[in-house]
Amino acid sequence: MPTLYEANITCTFPDGWEVTKYDDWAFYRNRFSSSCCGNKGVDFLAYDHENRTLWLIELKDYRQFQRTKDDTISLWDEVAIKVRDTLAGLFAAKVDRAHEDQPYAARVLKATKLRVAFHMEQPRTHSKLFRRAYKREDIRQKLRQLLKPIDPHPRVVELASMDAVPWIADSHP
Amino acid sequence: MLKSLHLKNFTVFADATFDFGKHLNIIVGENGSGKSHVLKAAYCVMAVSSGGAKDSVGGNPTKSYLQTALANKLRDVFKPDSIGRLARRQAGRNRSEVACQFDKTSCNLGFSFNTSSKSEVVVEPSPDAWIGAVPVYLPTRELLSIFPGFVSLYETTHLQFEETWRDTAILLGAPLAKGGRAKHIRDLLQPLEEAMGGTVELDEAGRFYLKTKTSRIEIHLVAEGLRKLAMIARLIATGSLLDKGYLFWDEPEANLNPKIVKAVARTIFQVAQSGIQVFIATHSLFLLRELYILQNQEFSHINTRCFGLHIGSDGAISVQQGATMDDIGDITALDEELQQSDRYLNTENNAPLP
C-alpha cells in the first residue's frame, strides 16, 4: 500500500492510489514555487483512480512544533492558499512537458472530483477553558467558506478522529 | 409569504435587497450592521397591512390610510426624532425607499420619504389587497415581568418603549388555546417546558408565574433567560403565534445559556414547520450551529435562507445571501473565536510549562 511521511505522521493509502509528496517535486521546488511572486503547496497529492478523485492533503503537527510569531498568516488562510497554489502548479506541471512530474500531473488532472483534507494534531493546552486550542468545527467551517468552489466539504482530521477518510494515519515519534 | 425586501438609503443600508425563503430566514451580522432594522422595516410594513384589514372592516387599502399608518408605525417602532432621521446619513438631501414584495403581488407595498420628512411618507406602490396574516415581533428582552398593566400604561401615557413591546404584550394576554390545535401546541411546548422545568401561568391580576411540579414561582424570581423562554412558550400556548403568518425574532439567544439555546433552535424550526415564515437576527455562533445541525437532520425539508451583513471600511453595509451559512461571507463570531484560539496559544507559548 502506498505510504507517505510528513510532520511525524505516516499516511497509508489504499492499494491502487497514486500518491506523491508535491513539495518534493523538482518542478515545484526549482521552478514553480518562486514564480508569480511566490507559490506554496500542500504536502500530499493522493489520486483515487477508481473514483477519479484527487485529494489535496495538508498536515500540521503542533504537538511538538509551535506556530511561530513569524506565521503572519492565519492557519486556515495558509491551507486555502496552499490548495489554490497547488491547483495552479498542477496545471502548469501538466502543460510543461520538460520535466519528470508531467505524466503524474496529466493523469491526476483527469479527476472529476477534488477533495481537500487538513490533518492537524493540536498543540497541547493547559486550560480548562481551552481543552483544545482550536475547535475542529471552527477550522472546518472556515475552510468550507474559503474552499467552497473547490471542495464544499473539506475534511479536518487528526489521529484520534480520522472521520472515515479512505487512508490510515499513524504517529511517529 | 414575504418574497423580498428592498431597502434604499434606509438607516445603514445604501441599497440592499433581501430575497427571503418560504420558511426560515437567518440574518447574521455584528452589532451595528443593521440586523434589527431589517426585521423592524419588514415588520412595520406587515403590521400596517394586516392591521389595515381589521381597521377597514373588509374595505380595500387606500393610500391615505397607509401613509398615516406607516408613518405612525415607523415612528413608534424605530422611535426616531422625525421620520427623516431614518434616512441613511450622508451629505445633502436623500430619499429613502422601502419596498416589500409578496407571493400575492396584489399585496406589494412600498413607501419612501425624504431626509426632511417630519411625519409623512409617500406610498408607492400601493397594494390592492391586505396581507391576511398578522406578524409577531419578539424583541431581545423578555416582557413577562413588565406585563401587568404595561399595555394600558403604553396606551395612556407617552412611553419611550418600542411599539413592538406593546404589540407582543397584547398577544401575551390572550387566553389559552383550546380544541383541535391543542395537540400540535403540546408538541411544540414540550421541549420548552422541559427546559423551563414547568409551565407558564397568568393569574387574574395579570401576573405571570412558572408552575413547577413542587411550586409556583413569581416570574420575577425566575432567571431572565427562562423568562424569555416562558414568553415564547406563552405565545405558543395561547395559539397567538400559530395562527399568525410571520415571526420576527431579534436575537433569540440574548440572555440564554447554551442549553436553552438548543431548545430555542428546535422551536424556531418547529414554528417554521407549522407554516409560519420566520425571520431571526443573530450573532451567536452557538445558535447558528444548532440551526445548522437541525437543518441537516430532521428539518432538511425546511426552506432556509441565510443573510450576512458586512460593515465595509467606509461604513457601508453589504449583504451576502444564499441557502447555507457558507454562502454569506465571513461570520464575525467565527473569526473572533478562531482569533481567540490564536491569542490563547500565544499566551500558552509564552508561559513557562507547568
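Predicted model: local features only at pLDDT ≥ 70, side-chain atom pairs only at ≥ 80, totals over all residues.
Residues are numbered from 1 along each chain as its sequence is written, and chains are lettered from A and ligands numbered from 1 in the order in which they are written.

**The α7–α8 crossing in chain B**

- Helix α7 covers residues 258-273 of chain B and helix α8 covers residues 285-295; their axes come within 9 Å and cross at roughly 45°.
- Those axes are lines fitted to C-alpha atoms over the stretch in contact, with angles running from 0 to 180 degrees between N-to-C directions.
- That makes α7(B) and α8(B) oblique to each other (under 35 degrees is roughly parallel, over 145 roughly antiparallel, 65 to 115 roughly perpendicular, and the rest oblique).
- On the α7(B) side, the residues making the contact include B:P258, B:V261 and B:F269, and on the α8(B) side they include B:F286, B:L287 and B:L294. Contact here means C-beta atoms, placed from the backbone, within 7 Å.
- By class, this contact has 9 nonpolar, no polar and 3 charged residues (Ala, Val, Leu, Ile, Met, Phe, Trp, Tyr, Cys and Pro are nonpolar; Asp, Glu, Lys and Arg are charged; the others, Gly among them, are polar).

**Chain B as a whole**

- Chain B has 9 helices and 14 strands, counted as DSSP runs numbered from the N terminus (helices are H or I, at least four residues; strands are E, at least two).
- Buried residues make up 46% of chain B (buried is 20 or more other C-beta atoms within 10 Å of a residue's own, exposed is 12 or fewer, partly exposed is in between, with C-beta atoms placed from the backbone).

**Chain A**

- Chain A comes to 4 helices and 8 strands, running β-β-β-α-β-β-α-α-β-α-β-β from the N terminus.
- Of its 173 residues, 34% are buried.

**Where the chains meet**

- 10 residues of chain B are in contact with 14 residues of chain A.
- The chain B side of that meeting has 5 nonpolar, 2 polar and 3 charged residues.

Terms used:
Contact = placed C-beta atoms within 7 Å.
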